[in-house]
Amino acid sequence: MTEQHLDVPKLQRRLAEFAAARNWQPFHTPKNLVAALSVEASELVEIFQWLTPEESARVMDDPDTAHRVTDEVADVLAYLLQLCEVLGIDPLAALDAKIDRNERRFPAP
């Protein structure tokens with residue numbers, strides 16, 4: 001599927017189909033998805049935890065570490081997209097609106 005054009009709704013459908021095929025939907029409550037999202041974000045933090053700022057800027061230079069970072073980013077995004085699906089949130093619209101609010105709240109000098 002990586003060769004086809006990917007978009008958020010298509011990825012959310014794939015995640016929903018994956019969960020449905022394994023009968024995981026009963027476990028995909030907002031509470032459980034937020035907890036899983038937090039765990040995956042913490043696993044991403046763990047990779048960077050003791051790196052210097054310079055080391056963290058080069059983290060993708062090492063293939064093994066780059067693979068770990070990429071996997072954890074994917075896990076974070078997967079749980080975030082599943083949470084948005086369950087709650088009926090359009091994640092791109094939410095981000096666009098948040099950027100608009102931040103631009104008003106923090107005007108450029």
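This is a predicted model: local features need pLDDT of at least 70, side-chain atom pairs count only at pLDDT 80 or more; totals for chains, interfaces and linings use all residues.
Residues are numbered from 1 along each chain as its sequence is written. Local features need pLDDT of at least 70, side-chain atom pairs count only at pLDDT 80 or more, and totals for chains, interfaces and linings use all residues.

The mean pLDDT (the predictor's confidence in each residue, from 0 to 100) is 95 for the protein, with 96% of its residues at 70 or more. Among the helices (DSSP runs of H or I, at least four residues, numbered from the N terminus), helix 2 has the highest confidence, at 98, and helix 1 the lowest, at a mean of 94.

Helix 2 (residues 30-48) and helix 4 (residues 63-87) have axes that come within 9 Å and cross at roughly 160°. Axes are lines fitted to C-alpha atoms over the stretch in contact, and angles run from 0 to 180 degrees between N-to-C directions. Helix 2 and helix 4 are therefore roughly antiparallel (over 145 degrees). The residues of their contact comprise 17 nonpolar, 2 polar and 5 charged (nonpolar: Ala, Val, Leu, Ile, Met, Phe, Trp, Tyr, Cys and Pro; charged: Asp, Glu, Lys and Arg; polar: the others, Gly among them).

The largest pocket holds about 530 Å³ of space, a volume being the space filled by probe spheres set on the grid points. A pocket is an open set of points on a 1 Å grid where a 1.4 Å probe fits, with protein on both sides within 12 Å along at least five of seven lines; lining residues have an atom within 4 Å of a point. Of its 18 lining residues, Leu 15, Phe 18, Ala 74, Ala 78 and Gln 82 are the closest to the centre. Helix 1 (8-21), helix 2 and helix 4 each give two or more residues to this lining, and helix 4 gives the largest share, 7 residues.

Definitions and conventions: Side-chain values use heavy atoms; hydrogens and water are left out. Angles under 35 degrees count as roughly parallel, over 145 as roughly antiparallel, 65 to 115 as roughly perpendicular and the rest as oblique.
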